[in-house]
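Trainee: I would like to go through this model with you. Could we begin with the terms and then look at the details?

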Amino acid sequence: MKYAIYTIIALLLSTTAGSVTLPKVHDPVMAKGEDGRYYIFSTGMGISVMSSADLNDWQKEAPVFNPHTGIPQWAKDSVPGYRGHTWAPDISYQDGKWLLYYSCSTFGKNSSAIGLATNKTLDSKSPDFNWEDKGMVIKSHKHIDNWNAIDPNLIVAGNNRLLVYGSFWDGIQMVRLADDFKTPITKPVTIARRINKHLTISELDQIDNFTIEGGDTIEAGENAIEAPFIAYHDGYYYLFVSFDYCCRGQASTYKTVYGRSKHVEGPYFDKAGKAMEKGGGTLLYGPDEEFFGIGHCSVYEFDGKYYFLSHAYDKNRNGDARLFLKELKFDSDGWIQIDR
């Protein structure tokens, strides 16, 4: 299969100094900094960071939090088993500062929390560069909440500050935030599920556990959905989510699906007209002859072009997760065109 414009799949040589081409990554999000460089934030100890001047050659940067001394204490105290391996960040520029949301959790449990850190600049050479942790935004509790507080994404629409997040359990959640971008002011509402069924706490407690490669236990496997991201284009809000399973190497089955709505709070419908809260989702990318799975995406507009960013499990590299970056184009009806 041939991919046009910036398909990046390859090995990150983390022990090699200087720039590298074609990085290895998990759960990437991206921003264009004040210095004109592109910055990717991703899952890793203290939140992994890399930068590039051209979207091709990437340079490893220092993590947001020092893995030895800078992991927020509130997160370690609040999330049993969390020791600094921080998941699925989200980056955006709001009201004169960069907002970085991040996930604190352990695999297969919904005892999780989302935190927020801020910075005036992404340029580490600037005297203003300093990540300041603002603490917890929202937390989920096992046997109490039927949702999971991971995989955050901020969307600002007019005066609305909305955080979407979630995985498995009862699916993708949305809450409104106060002007501080931190305090939830509404209860979570489910906007997307893998199945056409509301899952109660009682039902979730009765779901049989299942195991993945390596013997880790995951709960709530019936509703295999996660990693929401909302992007706006020409009158529509597009909700992207991942179906099925990440993190299994060659056994990964990740699929990226999406729907759209005229209203940021939904409901979101796929191309066939099925609501995403009832299991809908139009396939965008998934397993094919090159990848075992493609998912956990983010979408951005840079210089008039839209880009799809995710990780993909590469069949030519034993199922390792590699950066997948591709330009997005829309047809005359506003649906995404795919070069397969």
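Mentor: A residue is called buried when its relative accessible area is under 20%. Please keep in mind that this is a predicted model.

Trainee: What percentage of the 340 residues is buried?
Mentor: Buried residues account for 58% of them. The protein exposes about 14,200 Å², and carbon and sulfur atoms supply 47% of that area.

Trainee: How many helices and strands are there?
Mentor: The protein has two helices and 24 strands.

Trainee: In what order do β17, β18, β19 and β20 lie in their sheet?
Mentor: The order of this open sheet is β17-β18-β19-β20, with antiparallel pairing. β17 (225-233) and β20 (282-285) are at the edges with a single partner strand each, so one side of each has no neighbour in the sheet. On average, neighbouring strands of this sheet are turned by 30° against each other, direction ignored.

Trainee: How many bridges join β18 to β19?
Mentor: Seven bridges join β18 (residues 236-243) to β19 (residues 255-261). Among the bridge partners are F240 and, in β19, Y258.

Trainee: Changing topic, which cysteines form a disulfide?
Mentor: C246 and C247 do, with their sulfur atoms 2.2 Å apart. A search of the whole structure finds one disulfide. The torsion about its S-S bond is about -70°, so the disulfide is left-handed.

Notes. Residues are numbered from 1 along each chain as its sequence is written. This is a predicted model: local features need pLDDT of at least 70, side-chain atom pairs count only at pLDDT 80 or more; totals for chains, interfaces and linings use all residues. Side-chain values use heavy atoms; hydrogens and water are left out. Two strands pair if DSSP finds at least two bridges between them. Helices (H or I, at least four residues) and strands (E, at least two) are DSSP runs, numbered from the N terminus. Axes are lines fitted to C-alpha atoms, for helices over the stretch in contact, and angles run from 0 to 180 degrees between N-to-C directions. Buried means under 20% relative accessible area, exposed over 50%, partly exposed in between (1.4 Å probe, protein chains only). Accessible areas come from the Shrake-Rupley method with a 1.4 Å probe; for residues, only the protein chains shown count as cover. A disulfide is a pair of cysteine sulfur atoms within 2.5 Å.
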